[in-house]
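Work through these exercises with the model open beside you. Try each task before reading its solution.

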Amino acid sequence: MLHILGKTSSINVRKVLWTCAELALPFEQEDWGSGFRATGVPEFLALNPNAMVPVIKDGDFVLWESNSIIRYLAGRYHGEWLYPADPSERARCDQWIDWQASELNRSWSYAFLALVRHSPAHQDPRQIDLSCANWAKHMAMIEGQLEKTGAFIAGDAFSLADIPIALSINRWLETPLQHGDLPAVEAYMARLAAREAYRAYCRNGTP
Ligand SMILES: N[C@@H](CCC(=O)N[C@@H](CS)C(=O)NCC(=O)O)C(=O)O
């Protein structure tokens, strides 16, 4: 049985849960991370020296970094329909998965810590505005891509890349800031709502 270590409120853990649900893969999940079991303990650090969730244990195989985990699960558990074998199609998915982890994540970091986590160390109004503007710029890229495909982030079909991207959109929707009008993003989320796994793990309780 696959073990997932990480709280379900974590966007990065939910990437893994959603992927498992798409693959109809049974798992056991343990709540680790702030508010639950602390990741700084030797038992957890032995699994992930980076002290972050998610971590998976698949038999003897231990893996951390959410996007590496979802790629692994698709590769291991017959997820070619989700993560295509064709090099160009796979690279297109990877492009959006990597962009989410690097560029998009970086854009929202300050605003999210300020407006959602209410971190005292992140209350500089100028930095908040800059982060919100940068986040909006990245959201506009998603809007542009979805206008182009008229369907999913990497093309006509749902793919692994939709999981981190839709979770990121959900984070944006749930952050109290000016959202502006992004009709293609709105239509995309409505399209995804047909998926049971999305309803279970992306919106985290929000319809
Ligand atoms: N790059 C990592 C980031 C993981 C991450 O930021 N995890 C957060 C939760 S979303 C975490 O573990 N925070 C520390 C904690 O909750 O104790 C990944 O994608 O797996």
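**Exercise 1: α5 and α6**

The axes of helix α5 (residues 125-149) and helix α6 (residues 162-174) come within 12 Å, and they cross at roughly 135°. This is a predicted model, where local features need pLDDT of at least 70, side-chain atom pairs count only at pLDDT 80 or more, and totals for chains, interfaces and linings use all residues. Residues are numbered from 1 along each chain as its sequence is written, and side-chain values use heavy atoms, with hydrogens and water left out.

Task: Classify the crossing of α5 and α6, then list the residues that make the contact.

Solution. 
- Step 1. Axes are lines fitted to C-alpha atoms, for helices over the stretch in contact, with angles from 0 to 180 degrees between N-to-C directions.
- Step 2. Apply the classes: under 35 degrees is roughly parallel, over 145 roughly antiparallel, 65 to 115 roughly perpendicular, and the rest oblique. α5 and α6 are therefore oblique to each other.
- Step 3. Find the contact (heavy atoms within 4.5 Å). α5 brings Trp 135, Met 139 and Ile 142; α6 brings Ile 165, Ile 169, Arg 171 and Trp 172.
- Step 4. Sort these residues: six are nonpolar, none polar and one charged. Here Ala, Val, Leu, Ile, Met, Phe, Trp, Tyr, Cys and Pro count as nonpolar, Asp, Glu, Lys and Arg as charged, and the others, Gly among them, as polar.

**Exercise 2: α4 and α6**

Task: How are α4 and α6 oriented to each other?

Solution. 
- Step 1. The axes of α4 (residues 87-115) and α6 come within 10 Å and cross at roughly 15°.
- Step 2. α4 is therefore roughly parallel to α6.
- Step 3. Residues making the contact include Trp 96, Trp 99 and Trp 108 of α4, with Pro 164 and Ser 168 among those of α6.
- Step 4. By class, the contact of α4 with α6 has eight nonpolar, two polar and one charged residues.

**Exercise 3: The ligand**

Task: Which atoms of Ser 34, Val 53 and Ser 66 lie by ligand oxygen atoms?

Solution. 
- Step 1. Ser 34 has a polar backbone atom 2.9 Å from a ligand oxygen.
- Step 2. For Val 53, a backbone N or O atom lies 2.8 Å from a ligand oxygen.
- Step 3. Ser 66 uses a side-chain N or O atom, 2.6 Å from a ligand oxygen.
- Step 4. Pro 54 sits in the loop between α2 (42-45) and β3 (55-58).

How values were computed: Helices (H or I, at least four residues) and strands (E, at least two) are DSSP runs, numbered from the N terminus. A polar contact is a pair of N or O atoms within 3.5 Å; within protein, one must be able to donate a hydrogen and the other to accept it, and residues adjacent in sequence count only if both atoms are side-chain atoms.
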